Amino acid sequence: MSRPIFEVIALTALDAQAAQSGGADRLELVTDMAADGLTPALADFAAIRAAVDLPLRVMLRIRDGFGAGDLAELVTRAAALRAEGAEEFVLGFLDQRGDVDLPAVRAVAEAVAGCRWTFHRAIDHSADRAALRAAVGELPGLDTFLTSGAAAGVAAGGEVLAGELAKSGEPGYRQQILIGGGLHAEHLPRLRAEGFDAFHVGGAVRAAGWNSPVDAAKVAQWRALIDS
């Protein structure tokens, strides 16, 4: 059995170096966690890329919430990041009804054609997550859903997560489930026992929330718990 994936949110090159030192497998790059994570500046991406050799998944979101906002600007930023060397991304958009905004998702996915990408926790806020999976499940490059199973987090979403894992391999369920959002260390034994093999944290590996940097020792503690 391969080692579980452990993804850590990084805002800076120092975050990225600490995460790599602690044993992270992959980083999600964002800025402005007060807005739940937006697209980082090109210079910040370049600095992080130069600082570590981990795979980097770059957030494509230019405003708070799950609407696409200015789609032309988003596509332009995606193109600039690709030109700078970005190879993996994170995206996902809902319309005002809570349904997947398929035209926006398709447009951005086309802008990063040839790249692997994650559909993020917009799925946990959607009106119908099964319909969302069916709509986006065959889009090129999509290999991961970041989800806690519920808008309220992992503690509330366990039954949904288990049900989706049971459908692995079916249309809309071929992608890896990356568990994140309200994920705590005490959740790991049950989740590992159920067969989940990919985990995502941000604030949990910082000493004092988002105003403090990633702590390599905390990353190492999570790494050990995930691998145990």
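What follows is a quick tour of some helix packing and of a pocket.

Keep in mind that this is a predicted model.

| Helix pair | Crossing angle | Axis separation |
|---|---|---|
| α1 (residues 13-22) and α2 | roughly 30° | within 8 Å |
| α2 (residues 42-51) and α3 (residues 71-84) | about 30° | 10 Å |
| α1 and α8 (residues 216-227) | about 40° | 7 Å |

**α1 with α2**

Angles under 35 degrees count as roughly parallel, and the axes of α1 and α2 cross at roughly 30°, so these two helices are roughly parallel to each other. α1 goes past α2 in a right-handed crossing. On the α1 side, the touching residues are Ala13, Ala16 and Gln17, while α2 brings Ala47, Ile48 and Ala51. Sorted by class, this contact has five nonpolar residues, one polar and no charged.

**α2 with α3**

Now follow α2 over to its contact with α3. The angle here is about 30°, which makes α2 roughly parallel to α3. This crossing is right-handed. If you want to find the contact in the model, look for Leu42, Phe45 and Ala46 in α2, which meet Ala80, Leu81 and Glu84 in α3. The residues here divide into five nonpolar, no polar and one charged.

**α1 with α8**

Back to α1, this time with α8 as its partner. Their axes lie 7 Å apart at an angle of about 40°, and α1 and α8 are therefore oblique to each other. The handedness is right-handed, with α1 passing α8. From α1, the contact takes in Ala18, Ala19, Ser21 and Gly22; from α8, it takes in Ala216, Val219, Ala220 and Arg223. The class count for this contact is five nonpolar, two polar and one charged.

**The largest pocket**

Last stop: how much space lies in the largest pocket? The figure is about 440 Å³. Its lining is made up of 22 residues, and the closest to the pocket's centre are Ile9, Asp36, Arg121, Gly181 and His200. As for the kinds of residue in the lining, nine are nonpolar, nine are polar and four are charged.

Conventions:
Residues are numbered from 1 along each chain as its sequence is written. This is a predicted model: local features need pLDDT of at least 70, side-chain atom pairs count only at pLDDT 80 or more; totals for chains, interfaces and linings use all residues. Side-chain values use heavy atoms; hydrogens and water are left out. Axes are lines fitted to C-alpha atoms, for helices over the stretch in contact, and angles run from 0 to 180 degrees between N-to-C directions. Helices (H or I, at least four residues) and strands (E, at least two) are DSSP runs, numbered from the N terminus. Angles under 35 degrees count as roughly parallel, over 145 as roughly antiparallel, 65 to 115 as roughly perpendicular and the rest as oblique. A crossing is left-handed if the near helix is turned anticlockwise from the far one by less than a right angle, and right-handed if clockwise. Contact means heavy atoms within 4.5 Å. Ala, Val, Leu, Ile, Met, Phe, Trp, Tyr, Cys and Pro count as nonpolar, Asp, Glu, Lys and Arg as charged, and the others, Gly among them, as polar. On a 1 Å grid over the protein atoms alone, a cavity is a set of points where a 1.4 Å probe fits but cannot get out, and a pocket is an open set with protein on both sides within 12 Å along at least five of seven lines; lining residues have an atom within 4 Å of a point. Grid points are joined across faces, edges and corners, and a volume is the space filled by probe spheres set on the points.
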